[in-house]
Amino acid sequence: MDSPNPTAPANSLFRYRHFLTLTLVLSSLFFFACTRVTKGTEPAPKPVEEKKPLPPVTTWLGNPERNYYGSGPWKDGQLEVVWEFKTSSTSGRLHKDPWGGTSWPGQPSVEGTRVYFGSADGNTYALNRADGGLVWKFKAKDSQKSTPTIVGDRIINSGLDHHVYCLNKKDGSLIWDYETGFEVDGSAAVVGDRVYFGGEDKNFYCLNLADGKLIYKIPGIGSVEGSCTYKDGRVYCSTEQFYLYCFNAEDGKILWKSLIGADSDSTPAVANGMVYTAAEDGVVRAYNQSDGKLVWQYTTEGGHYGRGNESIGIWASPIFYKDRIYIGASDGYMHCLSADKGELVWRYKAHGKIWGTSPIVDGRLVFGDKAGWIHLLSADDGKQFSEIKIGDNINSTPAVMDGRIYIGAFNGKLYCLGLGNTKQAADNQGKEGSKQKAVGRRKKPRHRK
């Protein structure tokens, strides 16, 4: 029988301790390695996306295609006055009573820190967007009714004095002016180095932006009171002599013309393969964009084909938005129609006639009426979000930028409106609102614009 080995327990203990130490070391190494791997596979932080600034509103309905209506976001709450700016007033050859504020068909233009607008007092103004403070003003010979067109460091504006002015955007100094045969109420469409507009002297013009020199003139098309629309190398405009025209923008060649059947002051909307316009007989019409053939027509309440007057007519311009057409009329309704067939979807009754156009931003449309109210509605179903009375006669069109509304009234003021917790009343005591009527014109009386 073997004798017991006195060193066995010591050896076993030594081996156990060695094994335990080795296990702890390996576990630590494994844990350290796992920790480093886990840390190394963490997803990299996502780069912060810089928000691109939204396009400014630089001309009538935002661009030469007349299809950019402004930007939000809209806040909750009711419409209220953020600030207001008081213009002066002036009399003219065709209006002995003094005019001030803004009038049909103008719309403010908004870019950067400034708001620009032409006033019935004869001035083009540049204001500070934040507080409405005056930056500069340029005095013309009579009321300025069009929407200033901003292009680079220049502004194009016009009105009753037969002149089209090119101003320095920074300080309002005159760069050039071009004299036409009569008023230019519409906003110029500037594309590249060319300036396109129609005049009430029955001519259509194309000028050089650099120096204002004439490139071509299309005579005898009829008086143009609205703005022209440029799209895909073509220019579209409606006339008081009952026609809708389509020109080649390069050389002014008439591609087609279609009979409207009544005096039209609207700026055409070109979308959905069609050209939409309206007239003083209270009828909205849609034409095929390629050849000018009539597709449909819709008659507002009291409208009568070919018989126009201020009680039944349309002076607003159609807005195309998500396969629908939106337009206000002298019947006091905002009409929403299907763009393909011209069928009524809904209509909303305002407090007075609607001569201004209705920009739509983020599903909400905003417009004024001749009773002095601003309305904010749902484009989907016509439900009212808010309204506010700011003047006695709102004929011009609002501009919307960053959820703020810039709109003038014929009481002599331009307003900045926002949405807040309370609805504030503005000064509604102006007495000139219902008097915007000119005298002395032989062929056609001035409208109360």
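## Arg285 and its partners

Let's start with Arg285: its bridge partner in strand 23 is Gln297. Strands here are DSSP runs of E, at least two residues long, numbered from the N terminus, and two of them count as paired if DSSP finds at least two bridges between them.

This is a predicted model, where local features need pLDDT of at least 70, side-chain atom pairs count only at pLDDT 80 or more, and totals for chains, interfaces and linings use all residues. Residues are numbered from 1 along each chain as its sequence is written, and side-chain values use heavy atoms, leaving out hydrogens and water.

Strand 22 (residues 283-288) is largely enclosed by the rest of the structure, because 5 of its 6 residues are buried (under 20% relative accessible area, with a 1.4 Å probe and protein chains only).

Strand 22 runs antiparallel to strand 21 (residues 274-278), with 5 bridges joining the two. Their hairpin has 4 residues between the strands, and Gly282 takes a positive phi near 80° there. Strand 22 also pairs antiparallel with strand 23 (residues 294-299), again over 5 bridges. That hairpin has 5 residues between its strands, and Gly292 in the turn has a positive phi of about 80°.

Elsewhere, 4 strands make an open, antiparallel sheet in the order 1-34-33-32. Strand 1 (78-86) and strand 32 (399-401) are the edges, each pairing on one side only.

Inside this sheet, strand 33 (residues 404-408) and strand 34 (residues 413-420) are joined by 4 bridges. Ile405 has Leu417 in strand 34 as its bridge partner.

Methods. Buried means under 20% relative accessible area, exposed over 50%, partly exposed in between (1.4 Å probe, protein chains only).
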